[in-house]
Amino acid sequence: MDLNILVLPGDGIGMEVTAEAVRVLRRIADKWHHQLSLTNGLLGGIAIHKTGSPFPEETARLAAAADATLLGAVGLPEFDAAPPEKRPEKGLLAIRKALGVYANLRPVRAYASQLDSSPLKNHLVEGTDMIIVRELTGGIYYGTPRGITENGAETRAVNTMTYTRAEIERVSRMAFHLARARRKKVTSVDKSNVLENSQLWRRVVIEVAKDYPDVELDHILVDNCAMQLILNPRRFDVVLTENMFGDILSDEAAVLAGSIGMLPSASIGDRRPSGAWVGLYEPVHGSAPDIAGQNKANPLGAIGSAGAMLLYSFGLKEEAAAVDAAIEAVLKSGKVTADLRPAGAPATTEEVGAAVCAAI
Ligand code: NAD
């Protein structure tokens, strides 16, 4: 099969972890005789430095032409004081919107060999296996009006949380579809006791659920969800939520997996005529300026994202399963980076990538 992939390493550790994910893709292509065509592009802070824009037109063109996009992370401290429109993170929001990838799938698993890496008690974390389905192209991160109106003591800042019925419906269908292949339970997260936006969310989710009578649906308020993720994570199978709630809850859920460096994600849009999903694949973590350039970053989230690409964009089930199995084998072997608090000396980013390839 031809695997035509755009690689956007981005900033900070994005570059380091993407290099390892690409190494794993090469190994897969080699073993299963696929033709790998990789194109590199610019996104985020590096794109601002080189072109003046966090999402250059050339990157938009390359992303539209590729079968799938692999992304590292964006963000550089020198842009911390810049307005949102001029920050690297704007590139991330823009590419998600341009590709129309409205459903962000974030699997969270507690691997048996890593239970001690979580600061939570083993008996609470053990058996955790959920997928957070976060709406990705709507809500408060995109809504207008937005901005700051300067006026002395009356200076006002506005952001708008907005969703249409259609936006809620399509991401809900994705969640129910995924639940059917898992434990058949969807938990929808909202704040319907306070927000009209959430009231519409809940109404539409209930309507969609009628088409999936074999899937159980329950609702939970976002504040309680934040608590239940820590108290009783095993109660969750598919967690369906809007953009900002999903952003926050999935970082919290990273604690269950031992480190945020472990978490992969797949952002999926509509199906192409070939039947493959349009997809953008990236680890959940950011550019981690505190450890960038030190060969210390955990590449397993990025490698898992490459595995998700094989599954969703290329339909390569066996290859995707081989990546997952290799990750599990490396975790069991103890050859892991410092964030997972190994018993012995921590492995480097490159050593973990090489170990995953060897396990494949
Ligand atoms: P972060 O995820 O970059 O880092 C949070 C903490 O987790 C840091 O201590 C970091 O060292 C650690 N960490 C993250 N990934 C790791 C990995 N793979 N291995 C080991 N440790 C890891 O979040 P932050 O510090 O809040 O943000 C840093 C920059 O990244 C900011 O500019 C932010 O806007 C950006 N950001 C980008 C994305 C993205 O590109 N998807 C996501 C979140 C944050």
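# Reading a predicted chain, question by question

Mentor: In this predicted model, Pro145 sits in the loop that runs between β5 (129–135) and β6 (147–149).

Trainee: What kind of peptide bond joins Thr144 and Pro145?

Mentor: The bond between Thr144 and Pro145 is a cis peptide bond, with omega at about 5°.

Trainee: How do you know whether the chain agrees with a compact globule?

Mentor: For 360 residues, a compact globule would have a radius of gyration near 21 Å, and the chain has 20 Å, so the two agree. Taken along the principal axes, the C-alpha atoms fill a box of roughly 55 × 50 × 45 Å. Within the chain there are 12 helices and 12 strands, and buried residues make up 54% of the 360 residues.

Trainee: What share of the contacts between residues at least 6 apart in sequence joins residues at least 24 apart?

Mentor: That share is 76% in this chain.

Trainee: Why is Lys184 called partly exposed?

Mentor: A residue is buried under 20% relative accessible area and exposed over 50%, with partly exposed in between. Lys184 has 34% relative accessibility, so Lys184 counts as partly exposed. Asn295, with a relative accessible area of 25%, is therefore partly exposed as well.

Trainee: Why is the pair of Glu328 and Arg109 called a salt bridge?

Mentor: The rule asks for a side-chain nitrogen of Lys or Arg within 4 Å of a carboxyl oxygen of Asp or Glu. In Glu328 and Arg109 the closest N and O atoms are 3.5 Å apart, so the pair meets the cut-off of 4 Å. This pair links distant parts of the chain, with Glu328 in helix α11 (residues 317–333) and Arg109 in strand β4 (residues 103–109), 219 residues apart. Glu328 is partly exposed because its relative accessibility is 30%, and Arg109 is partly exposed because its relative accessible area is 33%.

Trainee: How do you know that Asp214 forms a salt bridge with Arg180?

Mentor: Their closest N and O atoms are 2.9 Å apart, so this pair also lies within the limit of 4 Å. Asp214 lies in the loop between α7 (196–209) and β9 (216–221), and Arg180 lies in helix α6, so the pair ties together parts that are 34 residues apart in sequence.

Trainee: How many salt bridges does the rule count, and which residues are linked in a network?

Mentor: The count comes to 18 salt bridges, and Asp129, Arg182, Arg183 and Asp237 are linked in a network of salt bridges.

How values were computed: Residues numbered from 1 in each chain as written. Predicted model: local features only at pLDDT ≥ 70, side-chain atom pairs only at ≥ 80, totals over all residues. Heavy atoms only, no water. Helix = DSSP H or I, 4+ residues; strand = E, 2+ residues; numbered from the N terminus. Rg over C-alpha atoms; globule rule 2.2 N^0.38 Å. Buried < 20%, exposed > 50% of the residue type's maximum accessible area, 1.4 Å probe, protein only. Contact = heavy atoms within 4.5 Å.
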